[in-house]
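The following note sets out points for a colleague who will examine the coordinates. Please read it alongside the structure.

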Amino acid sequence: MTTVVVLFFVSVFFPIQVFADTAPCGATALSASGYFFDSYENIQYSDAGYLIHNFHNLPQYSDGRSFKIRWSYIDDECNSLTSANSFVSVALPAGVVSWSIRFTSGTHFDVWDDQNEVMMASFDIPAVPLYTRISFEGTIDNGGSVFTSQTLHIEKDATPPTFQNSIEKPTPCNAGSASGYYFDFSESAEYVDGLLRVHLRLKTPYNDGRVFRTAVLVGDESCVTSVPSYSSLSPDSSFTPYIRYYSFRMTSSTHFVLWDDENDIALSCTGCAGDISDSTYVSFYGTIDGDASVIQTTPFSPTEFQKCCSSVLFLPGIKGSRLYVESGGAENKLWEPDLLEGNADVRGMFLDSNGKSTGNVYVKEGSILDSAGGKDYYKSFISDMDELKSARAITDWQPVAYDWRLSLDDILANGAEVDGKIFYDTATATPYITQTLRELASQSQTGKVTIVAHSNGGLVTKALLQQLGDTGAQKLVDRVIFVGVPQSGAPQSIGALLYGYKEDISFFPVSVVDKKTAREFAENSPMGYHLLPSQKYFDDTKDINHPVVIFDGEKAFEKERIAYGLVVGNSTELGDFLLARDGGREKPLSNQIGKANVLNSALVDYAKSLHDNLDVWVPPENITLYQIAGWGVGTVAGIEFYDAPQVSAFTALNPRAYRPLFVEDGDGVVPVPSALMMSTSTENVKRYWVNLEDYNSDHKDNPSDHGNILEVPELRQFIKNIFNTTNTLTSYVQTEQPSTLKQAKKLRFFLHSPLTLELFDSSGNHVGYNEDGSFDQEIPDVEYGELGDVQYITAQQGPQYQVVLNGLDVGTFSLDIQEVEENNLMKQTTLANLPTTGNTKVTLSIGDGIETASLLEVDEDGDEVVDITLQPLVGETVIYEEPIVPAETSTQAPVQAGGGGPIWNASVGMVAGTSTIAVFVNLTSTQAHATDTPVENIQVISKKSVQEVARVQEKNSVQKTQTIIQTVTPFRPVSQQRGFSDFILQVYNGFRSSFKFLDFLF
């Protein structure tokens, strides 16, 4: 019956095991030996949450004899503490084998007879923290039988305070430290409501309320602090007995308190609170027993710097990072190239046909193009970011240099850092860009990074975030800012790959990098290929007046039109054209810059595959993308291939001409539809325009375009506003496309020739090359460029200009003049087949349109006597045809064009008064025709025989014609169909030009 009663009480009072602490340190199960103590324990926690620990003795010795127990502690770091007591005696009644230790508080427990439910003894213990673990030992007969219990929390689920979000140590300060037996060092600092808290702890078991000395040290901007002597410190600081965790807290910028973190109350002692002076940094200092144990915390600012901004990672564009190689034990900078060895430097960067590096080219940390060739690119942006870091508005920023020659795959997979050199042709488990992003995020105020990317850096960013995946990207990145990023490509890259367009570098007095070398470099460089217009570009633009590639005319590009159509309308057709599949051209020699190259098929395929992936990427919802496009600068929209005027047998056999097409809807390289490619249908995608037209008009001495767009102060301020989450607009930055009504009409001049193309304004300011090889850019809003063997100048329509051409070689030239309004070609004229030598000088004055153009005057041999004049006519191609000079001088009646029938059965109008014969070809007609313009006051000039040496000194008789004004169809140049007799004239002119060339050589 007794046994039944025992079981009843056990089953009622201890129905189930409600808690079992699987302690990570200390004993995890009871151990017993000998004859008296059983290997049994049961663990419970009372309703109040305190430990109840049940034990059994072996029944054969349950005769009322006494045994001894004691307890010991393990702290929260699993350190064994000195036992707080000696053994105490306990005696169970005879026949009782079940007994327990029951805690009623954190400082008291009782010993119970469980069978009779009788308390037998009570004991007080030290006021240790409730998260301290306790274990019990029992012994009898001097160790004849012993047991050791599990090590358990006194209070259920008791844990010490935890503070894990420690802020980063300020750069100029030394990290804190602790020594000796009393002060532990486990520091965690944070800002709460903008005020500093530094959480600390003591060592155990010495946290018993003993007195120590304290001070708060203050530091200046250099974090200099002065440690006081022991005797000068406050001697009456103390902690609540047995708490281990405390903190030093600022309650204002000049007042502090010491805090009991375990009970969440302020500590009460004379030295536990006080005032300090205004300071940049503060540090808690404590010492005990004559510096036997000392602590000094890391200095932090007493108040939090505005936690506004993430750290910043900046990715520059192509050619925006400096490239190096070791040569002969010395470092050689390949980019930017050396003034005198530029071609050799670029050849040192050549890649193989797979787009892989052939040498150990590397970059260096932070080495991006601040300035080059007297022009700033990222200099001001770098300065702004450094200032934000110094002001602690951002924790850090990093401009990431990378090997821009390579594919995006190589750039992101590689980047091995060796002795400060970063090799993007070397694979690594920690690619440099990804590693830098993670490091910046770990130190950021927000725990994340804002990526700012310019140009090609945006494509790198897209590929990086796509590689990280949405989840991984959102953990590291909060914002992405794209500035002039060719998301779907830029048509200028077509000209760069085919002709080396804008890839050469000329700098007085030498050509640093010539077009030949630049084009060879580009052919195997992935950089140019992933800038080719993608299918998304074709889908978004659909501008019939500005196609990416158009084959106009009727003869010269017949094979291309058959293969690709009149207009290249998609990325597949573009790829076929670039590779000359089924289309009319062979790969040129490297020095034949005037002929379109045939590109690398593997890299064309690479670019298409790349954009098939990148162009469908959208930022995940927790990353905001800001797209910023430059607007208002002439930007290549495509290339027009057309029939050259057929003025000789040679041009008739090879009548292939080309010129770039422009829009103002871009930054000079990237058209707006590409820079703003991503839809704003979701809240986290934004679009902004930078009005470069207005900016450049207001800053004529320092205009901006794609390359140096980050030198625009208002744009940089807007980016800083994005950092601060205000997104406040600044001057020139707007959320809608700027009005085209402000755009002035423009004149464009295209020169096909061996001459220089130069422009002067009425004040004598100059744009173009000088005789010494230097280049002037003295007229604001005037752009000079070259595409293959075509030179062009774009200027605002209205001012009075003088166009000047200076001969470089023997040959012929053609000059196209266009009027453009709001990106549309309104009028044009062509002056063709004019002879030139190395001494030729050509001039033409023009004001507000083609109608105001003067005669084109040609001094063929440089003797300051005008030999030829032609009148530009709107809608006409005016072809100069050198007359057949009779053996003897004669006087003849003037020929009236249109009055006496056609000459040689062709529509030719001969204009006397100069040594000029001109054919006027209507640009909107499919047939050459005779001009209806009456010729007035014609003065007949006799021609001297070819044997005469003396020159006619005066050749300046005025040619009077009435201007024919006709509307020009955009991109529909003249198609010439001529009769046999006209072809004979072409043959004559061609042979005569050849003889003149031979005569010039010898």
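**Note on selected local features**

1. The S-S torsion of Cys269 and Cys272 is about 95°, so this disulfide is right-handed; a disulfide is taken as a pair of cysteine sulfur atoms within 2.5 Å. The sulfur atoms of Cys269 and Cys272 are 1.7 Å apart. Both cysteines, Cys269 and Cys272, are buried, where buried denotes under 20% relative accessible area, exposed over 50%, and partly exposed the range in between (1.4 Å probe, protein chains only).

2. The model is predicted: local features need pLDDT of at least 70 and side-chain atom pairs count only at pLDDT 80 or more, whereas totals for chains, interfaces and linings use all residues. Residues are numbered from 1 along each chain as its sequence is written, and side-chain values use heavy atoms, with hydrogens and water left out.

3. The structure holds two disulfides. Cys173 and Cys223 form a disulfide with their sulfur atoms 2.0 Å apart. This pair links distant parts of the chain, 50 residues apart: Cys173 is in the loop between β11 (152–153) and β12 (177–179), and Cys223 in the loop between β15 and β16 (234–237). Helices (H or I, at least four residues) and strands (E, at least two) are DSSP runs, numbered from the N terminus. The torsion about the S-S bond of Cys173 and Cys223 is about 105°, so that disulfide is right-handed. Cys173 and Cys223 are both buried.

4. Strand β21 (residues 281–288) is mostly covered, with eight of its eight residues buried. In a regular strand, side chains alternate between the two faces of the sheet. Tyr281, Ser283, Tyr285 and Thr287 point one way from β21, while Val282, Phe284, Gly286 and Ile288 point the other way.

5. Strand β21 pairs in the antiparallel sense with β15 (residues 212–219) over seven bridges; pairing requires that DSSP finds at least two bridges between two strands. Four bridges join β21 to β22 (residues 293–296), and these strands also run antiparallel. The β21 and β22 hairpin has four residues between the strands, and Asp289 there takes a positive phi near 55°.

6. Ser301 lies in the loop between β22 and β23 (311–315). Its relative accessibility is 5%, so Ser301 counts as buried. A polar atom of the Ser301 side chain lies 2.6 Å from the backbone oxygen of Thr303. Not counting residues up to four places away in sequence, Ser301 touches Tyr191, Leu196, Thr280 and Tyr281, contact meaning heavy atoms within 4.5 Å.

Conventions
A polar contact is a pair of N or O atoms within 3.5 Å; within protein, one must be able to donate a hydrogen and the other to accept it, and residues adjacent in sequence count only if both atoms are side-chain atoms.
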